[in-house]
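Subject: Structure handover

Hello,

Here is the structure I promised to pass on. Please open it first, then read the notes below it.

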Amino acid sequence: MALKCVKCGLKLPLYPPKSKCEKCGGTLEYKVSLPTDRKIKFSGKLRFWRYRALLPPVQNVTSLGEGGTPLHNAARLAKSIGLKRLYLKDETRNPTNSFRDRAAALLISNALDLKYDTLISATNGNLGASLAAYSAKAGLICHVIVPKLVDVGKLAQMLVYDAVIEEFGETVDDSIRRGESLAEETGWYQATAELNPLVIEAQKTISYEVCEQFGVPDWFIVSMGSGGTIHSIWKGFKELKQFGMTGSLSKIVGVQPKGCAPIVKSIKGRSKLARTSKPSTRALAVLVAEPLQGEFAIEAIMESNGLALTVSDSEIFEAELQIAKLEGMFAEPASSATIAALKKLVEEGTIAKNDSVVCLITGSGLKATDVLQVLTKKQKTAVLGLEISTKEKILHILSRKDTYGYDIWKKLGRTMTRGAIYQHLNDLSEKGLIVGYTKNGRKFFKITERGKKALHAIDDLKLLL
Ligand SMILES: [Zn+2]
């Protein structure tokens, strides 16, 4: 095992995991070498630490039971998309409901080995939640720097696990710069994903697991923010091949939301990676304007003969509801983007019916408040719809014949209180859609011209729906 600069090849000590090359500023990466007996043995239950032999060495193993997540056979979703073999790597089943628990387990173990008592991480959510939980378990102090736009569910996790939270910057790009200078100032353990090469090592175990659970799929689809995750997935598969544990490799597909797609733009335009100005997406986990590991992501996509594409926020949300309704899985928007992309690729014929596909579901939809808001709105509309339909029914009854409240209540099937009926009659009178008059000592109601017009308008509208 060695820590090397990918640019100039400089070899550094394994620990502490530096954020960049001290000679050229290049990115650092751990290079795994085959054990002396040339045999890799995974041992123990299907869990994160099963892969210890291919991870940088640690002594103080910290665990909350991360990894070993199910590879979900998504048969119903596959059928609706027009595929035969679709699997979802369900990372929502980790202790804090995201794939970042793998990174937290390795980083916190390493921080304990190196006798740090405080760590710092700039994060747009999931990693902060994971580190906060694992720090609590290990008795470390966890500082997190989050941007203004962060999923409220993730923030709630950081709070409950007792992290020290600082808000800094619009997007995570700003928070990372702050995290970098703070670590230099204080000497705290650097636990920002983009600044600690151990994170790549931790996340590559996802590929190891998929390989043990299924084998190597034809396609592996990942959503991209900083580009680190897709790189880890590719690194994991390449290592397995290098060590003779598999013969084939997946084609890697990288997905970004339309409003924030610097990596996809660079690939499609064959241009240099550039910062996205005014980035915007509701998939906050991948709202990264300047992907620090973008070059790695591009390399993974090109080397694997894969491809990159964008999907819109509305396509993402449609996919999110589809995954939930067909598979009983609540995925966060960034993860749902993989299914939105898959639908496009199957439609255009890039991915064939018989190809095997794995989509990476990085985190739970419960963490992303956005979706909950959408659902609440939907529920309100449904209630509103009900009220319209009662008033509409009353108008229909009155369009046939004038009558009184009690009769209307009976005609509506006595499904609501009579008080509620009188409330509706009052509302309709106030709006001038009906008028009341007294006949034989009883209050009758009559539909007005305006009421008739309203009824016609509703009927016309229904033709459109
Ligand atoms: Zn270097």
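One term first: a polar contact is a pair of N or O atoms within 3.5 Å; within protein, one atom must be able to donate a hydrogen and the other to accept it, and residues adjacent in sequence count only if both atoms are side-chain atoms.

Some ground rules. This is a predicted model, where local features need pLDDT of at least 70 and side-chain atom pairs count only at pLDDT 80 or more, while totals for chains, interfaces and linings use all residues. Residues are numbered from 1 along each chain as its sequence is written, and side-chain values use heavy atoms, with hydrogens and water left out.

**Overall**

The protein has 16 helices and 16 strands. Both are DSSP runs numbered from the N terminus: helices are H or I with at least four residues, strands are E with at least two. The C-alpha atoms fill a box of roughly 105 × 50 × 45 Å along the principal axes. Of the 465 residues, 53% count as buried. Buried means under 20% relative accessible area, exposed over 50%, and partly exposed in between (1.4 Å probe, protein chains only). Contact means heavy atoms within 4.5 Å. Among contacts with a separation of 6 or more, 68% join residues 24 or more positions apart.

Glu 209 sits in helix α7 (residues 205-213). Its relative accessible area is 0%, so Glu 209 is buried. The Glu 209 side chain makes a polar contact with the side chain of Arg 102, at 2.9 Å. The Glu 209 side chain also reaches the backbone nitrogen of Thr 69, at 3.4 Å. Beyond four places in sequence, the contacts of Glu 209 include Tyr 51, Gly 67, Gly 68 and Lys 89.

Why is α7 largely enclosed by the rest of the structure? Seven of its nine residues are buried. They are Thr 205, Ile 206, Ser 207, Tyr 208, Glu 209, Val 210 and Cys 211. After α7 comes Gly 215, with a positive phi near 115 degrees.

Gly 67 lies in the loop between β3 (28-31) and β4 (71-73). Gly 67 is buried because its relative accessible area is 4%. Leaving aside neighbours within four places in sequence, Gly 67 is in contact with Leu 46, Arg 47, Phe 48, Asn 94, Arg 102 and Glu 209.

**Cores**

A nonpolar core is a set of buried Ala, Val, Leu, Ile, Met, Phe, Trp, Tyr and Cys residues joined through side-chain atoms within 4.5 Å. The largest has 36 residues, and Leu 106, Leu 119 and Leu 131 touch the most other members. Helix α2 (100-113) gives the most to this core, with seven residues. A second, separate core has 34 residues, including Phe 42, Ile 206, Val 222 and Ile 298.

**Pockets and cavities**

These come from a 1 Å grid over the protein atoms alone: a cavity is a set of points where a 1.4 Å probe fits but cannot get out, and a pocket is an open set with protein on both sides within 12 Å along at least five of seven lines; lining residues have an atom within 4 Å of a point. Points are joined across faces, edges and corners, and a volume is the space filled by probe spheres set on them.

The largest pocket has a volume of about 520 Å³. It is lined by 19 residues, with Lys 20, Gly 25, Thr 27, Glu 194 and Leu 292 nearest its centre. Its lining has five nonpolar, five polar and nine charged residues. For these classes, Ala, Val, Leu, Ile, Met, Phe, Trp, Tyr, Cys and Pro are nonpolar, Asp, Glu, Lys and Arg are charged, and the others, Gly among them, are polar.

The second largest pocket has a volume of about 250 Å³. Helix α5 gives the most to its lining, with three residues.

There are two cavities of 30 Å³ or more. The largest cavity holds about 380 Å³. Its lining has 31 residues, with Phe 99, Arg 100, Asn 124, Thr 229 and Ala 285 nearest its centre. The second largest cavity holds about 90 Å³.

Best wishes
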